[in-house]
Each structure stands twice: as C-alpha cells, then as structure tokens.
Amino acid sequence: MDGARLLQELNRRGWVVASGTAGDLRRTLAVAGAQPTATQRGRSHSFLRPYTEQEAPPNTMSAVYGLEEQPLHTDGAHLHRPPDVIALCASEPSATPTIVWAGSSTYPTVPAYARSGIFTVRTKQGSFLTSAVDGGRIRYDPVCMSPSDGMAREAVGYFTSLRASAEEHHWDSPNLVLLIDNRRCLHARSAVAEGDETRRLERLTFRLEKS
Ligand SMILES: [Fe+2]
C-alpha cells in the first residue's frame, strides 16, 4: 500500500479502493501526511455495524433509517470542521454495498441554489447555520441538517437525486479499504442485505489540509 499514490488517486477520482487493513492504511497515510481527526464522540477510529431503528443510538442515521438504505451524506456534518477523508475498512466480505457519488475535484459540481441555501445544523452543543457547500467542501447530512429556506429545500431534492448517478462499491473480498474524499463525495450504506446483519466496518477519519 503506497499512501502517496492512494492520495493522488483519491484526488483524481474522489474515492479509491485498496487491499489492506485499517492498520496498514493508518501507517501508510501517516507517512503521506494525513492526520487522524475526530468525528463522532471525539474518535478518529470507530466500528460501524447495522442497527435496527429500535436499537440504534439516538440522533444517528440508523435511528431514522434502521437497516434500510441510507440517504447520501457526508460524515461529520455536525462538526464545524468535518474530516477531509474517511476510510471504511472491512476484514471480511459483506453483501451490503456502499454507495458513492463523486463531485468534481476543482469545485463541487452543484447548482447555485445548493450553494446558497441555508441549513440549520443540530449538534449536542446547540445549532448553527451554514450552506451545504462552503468553499470547495460539501457538507450534507439530512439527519442533522434541516433546510431553513426555499433554496435549501431545493438542495435537499438535488442531493437526493444524485443517487441515480452514484456508484456502488462491493465488499466482495477480504481486507478491502474504501477511501472517500469527504469534501467532494457523498456516500451511503445500501439496505442491509439479508443475512448481513452482523457485518462490521472499521472507519478511520483524516484531515489533509493544515488549516
Ligand atoms: Fe457515513
């Protein structure tokens, strides 16, 4: 695993798949200059598993969508500084794909109303207002963000419509990692396949930019 090449490829297409473990990835990306950064509950490393709506922790995507397909979103949208890159790592194959939509590398290819509409972001510490596109970064998670004006309501429709042009990553062999540029891509878990309720993904989150 070559961290510099992975980051180059990530920059070119927005997401990239490699063979290896979470430990391999953390080591190789550290050498290439990516720093672990926290998302949920202050952690840069977490384990993801499917939850039904009833058993899911409150205020999570699973609490709303359970085992059904998730809406496309970015991770850490409730944070003032979301992670730049997320890595999903699976040691075992899984029949539940991850969906990814990749925007342009130079500037997110989103319509003007999606850049101008104002959303309210709810966090445990209170709420703040923001647009879904700030500079070159997309921030969108319909679970913690509500549209606060007409343009933002249109933006919700736009982000939902991207599902039609999104691609699927299939976890069809052991020890795969899926790196996603969280600044320009949206992602989601597909509906949990029958018999795949015990699947586990490890998630690492990174910061690339210094400021
Ligand atoms: Fe996510």
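The tour goes from a helix to a metal site, then to the nonpolar cores and one serine.

This is a predicted model, in which local features need pLDDT of at least 70 and side-chain atom pairs count only at pLDDT 80 or more, while totals for chains, interfaces and linings use all residues. Residues are numbered from 1 along each chain as its sequence is written, and side-chain values use heavy atoms, with hydrogens and water left out.

**Stop 1: helix H1**

Select residues 3-13, which form helix H1. Helices (H or I, at least four residues) and strands (E, at least two) are DSSP runs, numbered from the N terminus. Gly3, Leu6, Leu7 and Leu10 are buried in H1; buried means under 20% relative accessible area, exposed over 50% and partly exposed in between, with a 1.4 Å probe and protein chains only. Look down the axis of H1: its buried residues fall within an arc of 95°, so they line one face. The arc is taken from the directions from the helix axis to the C-beta atoms. An α-helix has 3.6 residues a turn, so residues three or four places apart point the same way.

Now colour Arg5, Gln8 and Arg12, the exposed residues on the face turned away from the buried side of H1.

**Stop 2: the iron ion**

Which residues coordinate the iron ion? Select His73 (NE2), Asp75 (OD) and His187 (NE2), which coordinate the ion at 2.2 Å. Donors are N, O and S atoms within 2.8 Å of the metal (3.2 Å for Na, K and Ca); water is not among the atoms, so sites may look incomplete. His73 is buried, at 5% relative accessible area, and Asp75 is buried too, at 9%.

**Stop 3: the cores**

A nonpolar core is a set of buried Ala, Val, Leu, Ile, Met, Phe, Trp, Tyr and Cys residues joined through side-chain atoms within 4.5 Å. The largest has 23 residues, and Trp101, Ile138, Phe159 and Leu186 have the most contacts inside it. Helix H5 gives the most to this core, with 4 residues. A second, separate core of 16 residues includes Leu6, Leu7, Leu10 and Leu29.

**Stop 4: Ser131**

Finish at Ser131, in strand E7 (residues 126-131). Ser131 is buried, at 14% relative accessibility. Its side chain reaches the backbone oxygen of Val133 at 2.8 Å.

Key. A polar contact is a pair of N or O atoms within 3.5 Å; within protein, one must be able to donate a hydrogen and the other to accept it, and residues adjacent in sequence count only if both atoms are side-chain atoms.
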